[in-house]
Amino acid sequence: NLRDMTSWNHTVVTYFQFSPFSSIPEIQGSLFCLVLLMYLSTLVGNILIIVITMVDAALHSPMYFFLKNLSFLEISYTTSTIPKMLVNFLTKRKGISFLGCAAQMYAFSVLGITECCLLAAMAYDRYVAICHPLHYTTMMSWNTCFLLSAVSWLTGVLLALGQTAFIFTLPYCGPNRINHFFCDLLPLLKLACVDTYKNEITIYIIAVLFIMVPFLLIVVSYVQILHTILKMPSAGGKRKTFSTCFSHLVVVTLFYGSAIVTYLRPKAFYSSSSNKLLSLSYTLMSPMMNPLIYSLRNKEVKQALKRLIAKN
């Protein structure tokens with residue numbers, strides 16, 4: 001796995017090994033079946049959401065435009081890590097090439113940062129719909145929707161490019177064992193042959209800016225939404241209005257809860273086993289739950305699904 005180095009500053013690791021997800025070999029097969037079932041459920045659920053929002057004219061609105069984007073993100077997000085994890089369950093050589101690791105980290109980072117921004121855009125959409133309903137069609141025009149989506153993706157693409165280059169220009173000269181099931185930032189930094197204190201500080205700053213700033217925008221949006229809902233005269237009107245944003249609020253809680261604990265908790269509380277479980281939560285659990293949350297809590301989606309089934 002190593003090649004001769006001409007200089008200490010040159011990377012000599014050409015292959016990274018992942019540590020097993022569990023230290024108990026007997027349960028590897030059961031874990032493979034469980035993760036595979038969850039992954040297939042994620043694909044089916046999110047593809048169904050995309051199909052419904054595309055073919056049903058009643059769902060051609062900004063809210064479902066963002067939901068369609070979110071479902072595409074979730075499919076890509078899980079696919080960037082889970083298939084490789086499934087292969088590693090079945091093989092003895094649980095690893096990935098240096099370039100493959102860089103590609104996986106880049107894809108994962110692009111999609112994670114984009115999702116943070118997209119969830120903030122979805123919160124803004126709900127804020128405008130509830131707090132400024134008379135101006136909704138002008139404030140949330142299709143041009144605005146496309147712009148918010150494009151900015152989310154562009155932020156993810158550019159920031160992830162810099163972040164990945166930042167990590168993979170460090171010297172890696174052994175060991176090459178990543179204590180994780182995919183190429184994540186913090187476990188990789190532990191393998192670098194130099195002091196990574198400044199790199200860790202930079203990653204925390206980026207995490208605060210691009211995890212917490214969108215999160216704070218979401219919080220501000222929902223404070224305004226709750227303030228507007230509480231001023232409504234009828235209890236039925238309050239329930240109906242709140243139900244339109246409840247699904248998004250649950251998705252935000254699932255995604256941000258695990259992401260904030262993973263990347264922003266103090267180093268003293270960091271452990272590889274808990275980090276794997278938290279990472280599995282936002283790489284697989286949240287994407288799998290999102291279609292269920294949006295379909296079970298949303299009458300329009302359920303009605304569109306019934307119409308699709310009846311049509312076929």
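**Cysteines, cover and contacts**

Me: Why is Cys117 called buried?

Reply: In this predicted model, Cys117 has a relative accessibility of 15%, and because buried means under 20%, Cys117 counts as buried.

Me: What makes Cys101 and Cys183 a disulfide?

Reply: Their sulfur atoms are 2.0 Å apart, and a disulfide is a pair of cysteine sulfur atoms within 2.5 Å, so Cys101 and Cys183 qualify. Cys101 lies in helix H4 and Cys183 in the loop between E3 and helix H7, so the pair ties together parts that are 82 residues apart in sequence.

Me: How do you know that the disulfide of Cys101 and Cys183 is left-handed?

Reply: The torsion about its S-S bond is about -125°, and therefore this disulfide is left-handed.

Me: Why is Cys117 in no disulfide?

Reply: The nearest cysteine sulfur, that of Cys116, is 6.6 Å away, whereas the cut-off for a disulfide is within 2.5 Å, so Cys117 is in no disulfide.

Me: Why is Leu209 called partly exposed?

Reply: Leu209, which lies in helix H8, has 44% relative accessibility, and because exposed means over 50% and buried under 20%, Leu209 falls in between and counts as partly exposed.

Me: What makes strands E1 and E2 a pair?

Reply: Three bridges join E1 to E2, which run antiparallel, and since pairing needs at least two bridges, these strands pair. Within this pairing, Tyr15 stands opposite Ser97 in E2.

Conventions. Residues numbered from 1 in each chain as written. Predicted model: local features only at pLDDT ≥ 70, side-chain atom pairs only at ≥ 80, totals over all residues. Heavy atoms only, no water. Helix = DSSP H or I, 4+ residues; strand = E, 2+ residues; numbered from the N terminus. Buried < 20%, exposed > 50% of the residue type's maximum accessible area, 1.4 Å probe, protein only.
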